[in-house]
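Here's a friendly walk through one protein model. Have a look at it first, and then we'll go through some of its side chains.

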Amino acid sequence: MKNWDNKELNYIRKFWTSLLLSICLILLLFISAISAQDYVRWGLPDGAEMRLGKGRINEVEFSPNGKYFAVASTIGIWIYDAYTGDELSLLSDEGLNTRSISFSPDGSMLAYGSYDKYIRIYDTTNWEIIKRFQTGNVNVSTVIFNPAGTILVSANSDNTATLWDVKSGTPLNTIEGHTRTISSMAFSPDGQTFVTGSWDQSIRLWDVKTGIQKNTYTKHTDGISSIIFFPDGRTFAGVGFNQNGTHIWDIETGNYLGEPEQPISSISTFSPDGLKMAIATDNELRIWDVENGKYQFQLTGHLYRISEIAFSPNGRILITAGDGELHLWDVVKGIQWKSISGHNTYVFGLAISPDNEIIAVGSTKEIRLWETDTGLLKNTLYEPDWGNGSMAFNPDGSLLASETGWRIRLWNIDDGTHHATLKGFLGNSASGYGIVSVKFSPDGRYLATGSSQSTIQLWNLGRIHKGTLTGHTDGIRSIAFSYDSRTLATASKDQTIRLWDVDNETHIKTLSGHTDEVLSVAFSPDASIIASGSADETVILWNTGTGEILHILTGHTSHVSYLAFSVDGRTLASAGYYENKILLWDVATGEKLPSITGHTSGISNLAFTNDGNSFVSLSSDGTALIWDWTQRDIKREPQYTLEDVNRDGIVDIQDLIYVASQFGTTDDENTADVNQDGIVDIADIVLIAKVLENENAAPQKTANTTNLLSIEQIKIWIDQAKKHSNTSIEFQKGIAILEHLLTSLTPKNSALLSNYPNPFNPETWIPYQLAKPADVRISIFSFDGTLVRLLNIGNQSEGMYLNRNDSAYWDGKNELGESVASGIYFYTLSAGDFSATRRMVIQK
């Protein structure tokens, strides 16, 4: 056995030590990465899969031991590791918007106030709620502990403040005297005096033991944003909102000492040792050296206004927050130490990419792109102007359009760069609220925008202005395209909805029924129903074809600003901006279904994912929640589809025969009137035929409705009907109608029809019709005219080749069997002396 010398043993020790350290580091990084993803699922309401964003920031505070810091947010209290910046916990036990937090001086307790008329105190050793103080009928905006940790003070919504005994939870004194809300509070360092500042422009001093007012100061001309004690313990400053000045008093004598030599903003604080003062003005942060009387550092990093600021107990680290930004600074070195992402400001724009992989959330000056599978932030698009209330992805997901005042920004999604800006066509002036609704047509040919000028602008693929739709008498609030891109619905402040033919830029009809401005509009997936939401607090469901009102939905308590149909068209989701719940409705019956709740503030947008599996809600609490729609157990009364005309639970040949037997009748209650347009005609037969053929992706109703019927299929139906045991006169009449229909279906002209689906990935079907027999081939070209694929169909007899069994099929591959790229392609039908070309889009 070999004897190792000391040099060799030292080498081996170093090797294994280095290896173990590397393994530990890898494990720590792995655990940290897992933890970074876990927080998107912390504290979720029932039914939610994930949360995007951490909510708006209300207050920040370090723990007395400096090991962690707390962020009061609109969805609860976030606890962060002060050394790493990692998320440790989200305290959201009772799902409240946390307005204010305060650590007890010994760090054993964390108190918070909310708007539910309770104060709660956590035990910081296990983060369990150990005390609840009921405040009666008043909400709490601010809480602070006294220096001894025995008293907790709450600023209340009735312009008072209450001093609570922490141990017993009983009120000691209630401070009364302010005539408006208390906006700032502070204890003197010795705990004997309590100072309050209010929106009534006064500062008042109170004796803590007796609750008696000691003094009142009225130098300010606006509300008091903060009370700051100087390190000497006897001098304090009252800082006004809106730069209305800072004034200093001696707490013992009550003497006014004037204004400070250095400017103190409303967001300022001393370091614990009193040697530094951090002063934030808008998005600028400066560190003031108290002894030298000059600025030591000017720190930059915030893009937006700083609203919260706090020193660590050792005075070395400063945390700043505002408008969704959270930064940690080393004030000794004068550098930014860490930036923590995820918190938001107010959010109101929402768009989901066609592949469901990205959710875009817009706030006033930025758009955040979130990954739907991880909930992590993918990219941030910074907007120099205010906007982003309405956003839309183009059909292939490569571009995102967002409104910003009177302009439309187009963004490249891959790299987050600015692609183009659309502007102009503003009439005589650009007054009013600007552009509020942006939509791409589903086929990608057009971009439509609606604005306060009562007009709708249409832009084509080349970003060239196509035209202007006029007719509304007041500003536009919402727009929506039908699935086939042919119809545009527009909602206006003039209390109407208008329908437009997009290609011809003509007005189709006007829907009137609301008693206040119409704020939202949406098409059902098959475009048979239009939903509109209004400031009159109702939702109306309309028959698109007839313009008749199907249902008026009531139950909202504020303006109905947001609407979305489920992908199957059976459910409508609606929300009012001031409501923190989403109402669900059965589209067929108008019945109200169980609501979706879980946000702590009003809903600011909503949408279904394109695969129908999830539902996304956006809120002014600064978050988006992704809900598992597949797991929602929505109990409904048994419903029959309109095509099941005999109500036996299945659509079959008997339904077709019954519709044919009722041909020409105009009875309003007749179930054979499938499209409910008041007459049983060929359109109703077509609807039944579509279900029987199971052509879910087939082209919808065209100008010549009979084009959707197959001659061979009609022959099969007639054969099946003749073999059926039903010998009634009505059934035989139905067979006669079908036989007559068969003779009328031979096309008079050859035609190339629109492929379906379109856009598609990876396959599509190309329907056509022949007036006489011919050799058929279809040539597929790329956008630059290069031949990509030749489909030799062979000799075909006259007839209609419309369904998937008969029409031409392309698998999205070239002659070499390679899948072609996304983009615009053209297909040409050659049949004898007939030739025609159409356009298609591959979207991956």
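Is R234 buried or exposed, or partly exposed? R234 turns out to be partly exposed, at a relative accessible area of 31%. Here, buried means under 20% relative accessible area, exposed means over 50%, and partly exposed is in between (1.4 Å probe, protein chains only).

## Before we start

What you're looking at is a predicted model, so local features need pLDDT of at least 70 and side-chain atom pairs count only at pLDDT 80 or more, while totals for chains, interfaces and linings use all residues. Residues are numbered from 1 along each chain as its sequence is written, and side-chain values use heavy atoms, with hydrogens and water left out.

## R234 and its partners

Side chains of opposite charge can pair when their charged atoms come close. R234 and D250 do this in a salt bridge, at 2.6 Å from N to O. R234 sits in the loop between β18 (224–229) and β19 (235–240) and D250 in strand β20 (residues 246–250), so the pair ties together parts that are 16 residues apart in sequence. (A salt bridge is a side-chain nitrogen of Lys or Arg within 4 Å of a carboxyl oxygen of Asp or Glu; strands are DSSP runs of E, at least two residues, numbered from the N terminus.)

D250 is buried, with 8% relative accessible area.

D330 is buried at 8% relative accessible area, whereas R316 is partly exposed at 33%.

R120 and D116 make another salt bridge, 2.6 Å from N to O.

## A serine in a strand

S478 belongs to strand β42 (residues 476–481) and is buried, with a relative accessible area of 9%. A polar atom of the S478 side chain lies 3.3 Å from the backbone nitrogen of V521.

## E548

E548 lies in the loop between β48 (538–543) and β49 (549–554). E548 is partly exposed, at 48% relative accessible area.

Methods:
Helix = DSSP H or I, 4+ residues; strand = E, 2+ residues; numbered from the N terminus. Polar contact = N/O pair within 3.5 Å; in protein donor to acceptor, adjacent residues only side chain to side chain.
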